Amino acid sequence: MATLKLEIITPETKIFEGDVDIVHLPGADGEMDVLPQHEVLITELAAGELRIIHQGKTDVLAIGEGFAEITGDSVSVLTDGAVSESDIDEHAAEAAVKRAQEALASATLHGDDVDTANATLARSLAQLHVKRRRRSG
């Protein structure tokens, strides 16, 4: 079976690089599965659940906002954050959600600070979603 070369890159590091069968992406306009020979595409990503499927095994990551470049045989994901399901600290994510919500409710943030708080909130909520969905599923 044909595979895709997947790269997941954050500002800090390359999180993943390898061959996979399917990549499930949280697109800004909806979720999408990418298989080998996919149409060439650049798409915006929303914070959410990214699934990597290879040889019958599924790995799950919570990612922040970003972009994906898809070619026939590769997918490059550029995101502001990515955490594997097993590395998610549920209590830390809950605390980050609370801090971001309080900061946004305070009405003292302006410009880039609002964007940063919203991005933190989206990433933390995605982490909680992944951790709780996988635990209950």
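Predicted model: local features only at pLDDT ≥ 70, side-chain atom pairs only at ≥ 80, totals over all residues.
Colleague: Okay. Which side chain does R51 meet in a salt bridge?

Modeller: That's E49, at 2.7 Å from N to O. By salt bridge I mean a side-chain nitrogen of Lys or Arg within 4 Å of a carboxyl oxygen of Asp or Glu. E49 counts as buried too, because its relative accessibility is 5%.

Colleague: How many salt bridges does a search of the whole structure find?

Modeller: 8. One of them joins R123 and D80 at 3.0 Å, N to O. That pair links distant parts of the chain: R123 sits in helix α2 (residues 112–136), D80 in the loop between β9 and β10 (82–84), and they are 43 residues apart. For the labels, helices (H or I, at least four residues) and strands (E, at least two) are DSSP runs numbered from the N terminus.

Colleague: And how accessible is D80?

Modeller: D80 counts as partly exposed, at 29%. R123 is partly exposed as well, with 23%.

Colleague: What does E90 pair with?

Modeller: The side chain of E90 meets that of R132 in a salt bridge, 2.8 Å from N to O. This one also links distant parts of the chain, with E90 in helix α1 and R132 in helix α2, 42 residues apart. E90 is buried at 15%, while R132 is partly exposed at 35%.

Colleague: Tell me about α1, then. Which residues in α1 are buried?

Modeller: E90, A93, A96, V97 and A100. Down the axis of α1 they fall within an arc of 120°, so they line one face of the helix. The arc is taken from the directions that run from the helix axis to the C-beta atoms.

Colleague: Which residues are exposed on the other side of α1?

Modeller: H91, K98, R99 and A105.

Colleague: How far apart are the end C-alpha atoms of α1?

Modeller: They are 22 Å apart, which agrees with the 22 Å that the 16 residues of α1 (residues 90–105) should span at 1.5 Å a residue. The expected span is 1.5 Å times one less than the number of residues.

Colleague: What comes just after α1?

Modeller: A107, which takes a positive phi of about 60°.

Colleague: New topic: strands. Which face of β8 is covered?

Modeller: In β8 (residues 66–70), G66, A68 and I70 make up the covered face, and F67 and E69 the uncovered one.

Colleague: What does β8 pair with?

Modeller: Strand β5 (residues 41–45) pairs with β8 in the antiparallel sense over 5 bridges. Two strands pair if DSSP finds at least two bridges between them. β8 is also joined by 5 bridges to β9 (residues 74–79), again antiparallel, and a hairpin of 3 residues connects β8 to β9.

Colleague: What stands opposite E69?

Modeller: I42 does, and in β9 the bridge partner of E69 is S76.

Conventions
Residues numbered from 1 in each chain as written. Heavy atoms only, no water. Buried < 20%, exposed > 50% of the residue type's maximum accessible area, 1.4 Å probe, protein only.
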